[in-house]
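Here is a friendly note to read alongside the model. Please keep the structure open and look up each residue as you go.

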Amino acid sequence: MASSTTRMLEIYDRIASPLAMSLLTTHPNQVTLDGRTPDLWSSWLGWAAGYDQELPKWQQLLSYYCRPTESPTESASLEISESIPAELRLLIDTVRNLQLSRESACAPVPAPHSPRIASKARGRSPSSFGMSPKKEHEVTRMATFIHNILNHDVHRRNTQHVVDVGSGQGYLSRALQEQGLHVLALDNNENQTSGANNWKIKDALRKAHEQRRNNTQDDQTCPSQRTPSSHSNGSLTHRTVHIQPTALEAVIEDWLLADVPDTITSSRDPTPIMFVALHACGSLTVDVLRTFLSHHSKPGSGHFPLSEPLLALSPRPTLPIAALHLATQVPAHWFRTERAGMGACLAVRKVVYRALLQPVIQLAAQYRKEPTDNQEIMNRDSVQGLTARLGLGETPENRRLGKLNDASYADWSTFLVSATTKLGIDIRDLTRRHSEGAALGDQLPPWILNHGNDSEREEGVFERLRMEGRLEVVHVLRCILGPLIESLILLDRCEWLRGVLGAVKGKPQVIEEGREKSQNGQMVVEMVNLFDQVTGSGRNVALVVSPA
């Protein structure tokens with residue numbers, strides 16, 4: 001699929017550009033430690049430090065990123081656009097032009113009495129109890145999508161077995177069981193498996209109660225008015241297993257032999273099985289795909305890049321770990337509602353305040369003779385590993401600080417007291433020792449040195465606000481790159497699947513109008529925007545491989 005390949009290569013070219021890569025490898029925490037920033041930021045860093053505008057600079061960037069597709073005509077929009085440095089406008093325009101559309105496709109709703117759709121209990125499926133609205137949205141959409149795939153034609157209706165990889169608490173697994181499917185739910189965490197089994201027991205008790213209630217009502221109802229059961233009985237088996245391609249095949253075969261033996265002994269034909277993985281963490285998604293592809297070709301190794309067009313580049317493409325974290329960001333929906341906007345402002349403030357605290361954390365660690373972040377990482381990782389970790393902003397002290405409640409971020413002074421108290425740092429003693437230790441140099445910035453000093457507090461506030469503006473802009477630019485990174489990962493995996501399957505079947509790839517679909521003689525590879533990002537489901541694209 002030439003257009004997809006071209007787009008993927010162009011996206012990687014933009015992500016690998018000096019500006020984008022410098023943002024991905026420079027966390028806000030690093031900016032405040034020594035005051036040094038990449039030279040190529042000099043054209044816009046002064047603009048970012050301005051804080052006397054009604055609309056903060058980071059919100060101006062977000063407004064420009066989220067503007068309507070057509071050129072803005074309102075004077076306010078034009079004024080904001082013209083005030084943003086040209087280099088940053090170009091970066092944002094590139095992201096907008098190249099990122100994949102993430103608008104949710106409407107999931108068709110099956111017929112109410114479909115044999116694969118669970119009956120409703122007081123307006124909700126029995127499997128939905130205990131879920132957040134976001135999780136319920138995802139489980140409902142995915143279960144409905146799976147139902148539609150399996151009922152697309154008579155041949156697919158023969159598929160009765162589903163393997164849910166990374167099943168967690170088993171919400172999707174139970175929804176699929178309610179459709180009459182035999183489900184093997186796999187997770188590598190025994191606590192998750194135990195929790196899922198507890199939910200399974202609760203569901204069984206709830207269903208028994210509902211059945212007794214329905215039986216009581218049926219006794220009082222004329223036989224001709226009774227409604228037959230809306231779904232057949234499935235089964236659900238939970239297993240804890242360290243999931244790898246070879247382990248997946250072994251545990252599936254064991255499940256088929258031990259739990260549903262008739263599926264193998266009653267027929268010589270292979271048992272059709274569907275793999276599903278809802279938000280599979282880490283390498284799980286790739287491991288599931290490799291298990292499937294292992295029956296077609298040697299599926300390769302690694303997690304990025306996977307596709308031949310990217311693997312053919314020299315030097316070999318890489319992404320820092322921070323880029324994978326940023327891929328989950330959905331800045332287009334930060335201000336979708338007033339409440340969401342307040343949450344976005346708080347989230348940005350948390351990043352900024354913690355970055356402002358970094359000089360205090362580093363100096364306190366020096367007095368305690370603790371290794372600095374770079375020393376610890378260099379002792380633990382190779383140079384290549386250190387390069388991959390750039391942009392994460394991780395330190396042992398930051399991990400020790402952990403989470404603070406939202407009230408701690410009410411303002412800078414409140415945060416400074418809360419954070420230093422939790423870390424056991426006496427800020428007055430630290431500043432006194434710093435002023436006496438000339439050999440340590442000027443490591444504490446004005447917003448720390450002048451904290452509580454009335455005569456010089458204004459200078460500290462001024463410098464802090466300027467630094468806050470820089471940190472906000474850096475953080476938001478990194479987040480705006482997120483959808484472009486996610487697009488690259490999706491296209492790489494899709495091209496990988498198409499390449500392996502296409503090479504085996506030797507058939508040309510085609511585009512079906514209105515869908516990201518590639519079809520060869522026997523298999524179809526699709527990208528489906530399954531979830532609605534407005535619900536909070538940032539990673540909303542499903543990779544689907546199915547018989548043509």
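The points below go from the whole chain to its cores, rings, charged pairs and cysteines.

1. **Ground rules.** This is a predicted model, in which local features need pLDDT of at least 70 and side-chain atom pairs count only at pLDDT 80 or more, while totals for chains, interfaces and linings use all residues. Residues are numbered from 1 along each chain as its sequence is written, and side-chain values use heavy atoms, leaving out hydrogens and water.

2. **The whole chain.** The protein chain has 25 helices and seven strands; these are DSSP runs (helices are H or I with at least four residues, strands E with at least two), numbered from the N terminus. Of its 548 residues, 46% are buried. Here, buried means under 20% relative accessible area, exposed means over 50%, and partly exposed lies in between (1.4 Å probe, protein chains only).

3. **Contacts along the sequence.** Take the contacts (heavy atoms within 4.5 Å) with a separation of 6 or more: 72% of them are between residues 24 or more positions apart.

4. **The cores.** A nonpolar core is a set of buried Ala, Val, Leu, Ile, Met, Phe, Trp, Tyr and Cys residues joined through side-chain atoms within 4.5 Å. The largest one holds 88 residues, and Leu23, Trp44, Leu357, Ile485 and Leu488 touch the most other members. Helix H25 gives this core its largest share, 11 residues. Another core, of 25 residues, lies apart from it and includes Met131 and Val544.

5. **Aromatic rings.** Six aromatic pairs are present. Rings of Phe, Tyr and Trp (its six-membered ring) pair if their centres lie within 6.5 Å; planes under 30 degrees apart count as stacked, over 60 as edge-to-face and the rest as tilted. The planes of tryptophan 41 and tryptophan 44 stand at 35°, with ring centres 5.3 Å apart, so this pair is tilted. Tryptophan 41 is buried at 0% relative accessible area, and tryptophan 44 is buried at 0%. Tyrosine 353 and tryptophan 412 have planes at 70° and centres 5.6 Å apart, so they are edge-to-face. This pair links helix H16 to helix H21, 59 residues apart. Tyr353, Tyr409, Trp412 and Phe415 form one aromatic cluster.

6. **Salt bridges.** How many salt bridges are there? The count is nine, a salt bridge being a side-chain nitrogen of Lys or Arg within 4 Å of a carboxyl oxygen of Asp or Glu. Aspartate 254 in helix H11 and arginine 239 in strand E3 are 15 residues apart, and their side chains meet at 3.1 Å, N to O. Glutamate 468 and arginine 464 have their closest N and O atoms 2.6 Å apart; they sit four residues apart in helix H24, so about one helical turn separates them. Both of these residues are buried. Arginine 539 meets glutamate 486 at 2.4 Å. Arginine 539 is partly exposed at 33% relative accessibility, whereas glutamate 486 is buried at 5%.

7. **Cysteines.** How many disulfides does a search of the whole structure find? It finds zero, with a disulfide counted as a pair of cysteine sulfur atoms within 2.5 Å. Two cysteines to look up are cysteine 66, partly exposed at 37%, and cysteine 494, buried at 0%.
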